[in-house]
Amino acid sequence: MDGSAVRLHAMRLGVNLPQTNRYDLGRDVTTFARAAEEIGYDSLWAYERILAPEDTSGPHGLYGVPGLAWPESYAHTTDALVTLGLAAAVTSRVELGTSVLVPGLHLPFRLARTLAALDTASGGRVIAGLGSGWSIDEFAATAPRPIEERGQALDEFLDYAAAVWGPDPVVFENERYRLAPSRVNPKPARRVPLFLAGSNRTALGRIARRGDGWLPTGVPPEKAGEILAGLREQAAAHGRDPSEIGCIFQLGLRDLAEVPSEGRQPYTGNVKQIVEDIAALGEAGVDHVYVTLASAANGLGELIEAAHSLHTEVRAAGL
């Protein structure tokens, strides 16, 4: 399917970019970005991991689970915004998303300017997928605030970015930063959509108040639908139009091996089985799914083949 064709399908479909040492990163990011746009994908995604600690005991474990090992790929992950910049340079239509970027690991003013520059350079294609973070090692290595203040850091970034992306002169002041009236450019080419991760009460409340949508992963389709409906009710209680709260679902894969249909867990199996999950997410009210094919494939050729197969099967299913 020609990627420039008018899309008639309700379900938007994305795929993640290669970021690990399974790939030749000097070549494969741009090659795959071009291929994915030509196939007809709607969005390309990159995630943020800045290190992988040797010590995974206690709170150093993956997701803070004591002793849980980190994936080897997290020790070889390219910078999310550099990766998206490479993709932006060789594409013209696909949106470019972060899933997720952790603002608490960055100086908020600098991150806001970088996202604005990427959006301008890409012609208004950036989706800012943001999360509060969970790694005490990443926060200790670089964060302006301690991990105990990760929620405040995310809110601070949202406040600062709103100012920086707004009209000049820009003014901002809180207990940590002071920006005197200044011209800060470039501005984003469009209002950058803000999709926020998390499913606890605090995270969902933040989305209901100030996010453009929810960015979940791993939640079974029926449960995702329930949470999304509740989130839109919360948004309405804050005086917002609930129909404007979107949902971009990260469908995480480790491999594409077929599994028995009986008792199959969501988001496992081969391409045809994954399409069943995408259909179930559509029934639950999700209208944009991106699949982490780069994490399941071994090398560029296999990744492009899987991307062709998935896109063909999704569209053949009428999604």
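The crossing of helices H2 and H3 is left-handed, a term used where the near helix is turned anticlockwise from the far one by less than a right angle. The structure is a predicted model, in which local features need pLDDT of at least 70 and side-chain atom pairs count only at pLDDT 80 or more, while totals for chains, interfaces and linings use all residues. Residues are numbered from 1 along each chain as its sequence is written, and side-chain values use heavy atoms, with hydrogens and water left out.

**Helix packing**
- The axes (lines fitted to C-alpha atoms over the stretch in contact) of H2 (residues 80-89) and H3 (residues 108-121) come within 11 Å and cross at roughly 15 degrees.
- H2 and H3 are therefore roughly parallel, the class for angles under 35 degrees.
- Contact (heavy atoms within 4.5 Å) involves Leu81, Leu84, Gly85 and Ala88 of H2, and Leu111, Thr114, Leu115 and Leu118 of H3.

**Barrel**
- Eight strands form a closed barrel with parallel pairing, in the order S1-S2-S3-S4-S7-S8-S9-S10; pairing requires at least two DSSP bridges between two strands.
- Strands S1 (residues 12-16) and S2 (residues 43-46) run parallel and are joined by three bridges.
- Trp45 in S2 is the bridge partner of Asn16.

- Glu95 lies in strand S3 (residues 95-98).
- Glu95 counts as buried because its relative accessibility is 14%, and the cut-off for buried is under 20% with a 1.4 Å probe, protein chains only.
- Beyond four places in sequence, residues in contact with Glu95 include Asp42, Ser43, Arg125 and His288.

How values were computed: Helices (H or I, at least four residues) and strands (E, at least two) are DSSP runs, numbered from the N terminus. Buried means under 20% relative accessible area, exposed over 50%, partly exposed in between (1.4 Å probe, protein chains only). Axes are lines fitted to C-alpha atoms, for helices over the stretch in contact, and angles run from 0 to 180 degrees between N-to-C directions. Angles under 35 degrees count as roughly parallel, over 145 as roughly antiparallel, 65 to 115 as roughly perpendicular and the rest as oblique.
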